[in-house]
Amino acid sequence: MADLSIDVVAKAAGVHRSTVSRAFSRPEAVKSETREHILKVAEGLGYTMSPLAQALRTKTSTFVPLIVPDITNPFFAELAKTMTQAADERGYQLLLCVTNGDPAKTEGYFTAMQAMYAPFGIVAPSTKVDTDALKRFDFGHRVVVIDRVEGDSSVPTVTVDSRRGIVLALEHLRSLGHTSIGYVSGISGTHTAQDRMDAYLELSAEGSSTPLVLDSGSDPDAGARAAKHFLEMENPPTAIIAANDMVAFAVISALGQGGIRVPEDVSVMGFDGLALGSRFNPPLTTVRQPIADMGNIAIELAEKQNLNGSVDHVVLEPELLVRASTSGPRK
């Protein structure tokens, strides 16, 4: 029925349209037998109330935006997948919002959050979070950030201990006998990216080895440039740590095109723990972030803040996953 509406349901059920509205939006305000009758009539007619219309009417909704910079990056795809399940289990509907790294789009999504009466939102940024924007849109108390927020403890956050992850990576490679270990950034702009770089530089110096950053760019070609740099070196490192798994994949592919075998000629490891890593050739040794836990905890922090105003900052422990892309240095 093209003209099916709440009025049609009310007429068929023999009740006022406001009773139909309450049956869907405030079931506790309608007698159970009346509500069951209305729902049965609505089902027979094929009518369902629009969630957006319900949000506008009640000034509350179950829409939860997840704002990410890039859905082509498997990290954000896996995060969205796990958070969709976590949201479903709690009765929310996750809305995926992709910014492509544009801060203006983030603000646009904040505006949409207001219009849809979203209870809260989750931001997984590509740059350092603009807390002033959060406050300007009155979302300072309704947003959880999947990254560290420097200088403002009023925003709940969940992140992974990046320094500990770099420690695990260096310890693993050194245990295999590597003393010359390079690093490729491939990401920038977030505290997470900076924390990993800083940890590598500091811990390399502490280990009596000279830090060697093969490339510090943040674009998709960083891995290829790092491999080119490696191939041009007279004494290249015997192992490479990439700041994330996607960069590690790019490094391995580019090295292979240059005739360098992994791990026979050089060991390469990543940082993320993407599912794709176990199917890569060779399977990637990496530092795993608990992506599923990050999504679940982000929603829990948002609910807690809504409930009692608490602001928590959760730092999760990474885990070393040893696969076939690392081995001892070539003799």
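Student: Which residues does Leu-255 touch, not counting residues up to four places away in sequence?

Tutor: This is a predicted model. Contact here means heavy atoms within 4.5 Å. Leave out residues up to four places away in sequence, and Leu-255 touches Ala-227, Phe-230, Ile-240, Ile-260, Val-262, Val-266 and Val-268.

Student: How many residues does the largest nonpolar core have?

Tutor: Leu-255 is among the residues with the most contacts inside this core. Ile-166, Ile-241 and Val-251 are also among them. The size of the largest nonpolar core is 38 residues.

Student: Which element gives the most to this core?

Tutor: Several helices and strands each supply at least two residues, including α8 (162-175), β7 (212-215) and β9 (267-272). Another of these suppliers is α11 (245-257). With seven residues, the top contributor is α11.

Student: How many residues are in the other core that lies apart from it?

Tutor: Val-160, Met-294, Ala-298 and Leu-301 are among its members. This other core lies apart from the largest one. Its count is 28 residues.

Student: Is the chain more spread out or less spread out than a compact globule?

Tutor: The chain has twelve helices and twelve strands. For 331 residues the globule rule gives 20 Å. The radius of gyration is 25 Å, well over that value, so the chain is more spread out than a compact globule.

Student: What does the C-alpha trace span along its principal axes?

Tutor: Take the C-alpha trace of the chain along its principal axes. The spans are about 85 × 40 × 30 Å.

Conventions
Residues numbered from 1 in each chain as written. Predicted model: local features only at pLDDT ≥ 70, side-chain atom pairs only at ≥ 80, totals over all residues. Heavy atoms only, no water. Core = buried A, V, L, I, M, F, W, Y, C linked by side-chain atoms within 4.5 Å. Buried < 20%, exposed > 50% of the residue type's maximum accessible area, 1.4 Å probe, protein only. Helix = DSSP H or I, 4+ residues; strand = E, 2+ residues; numbered from the N terminus. Rg over C-alpha atoms; globule rule 2.2 N^0.38 Å.
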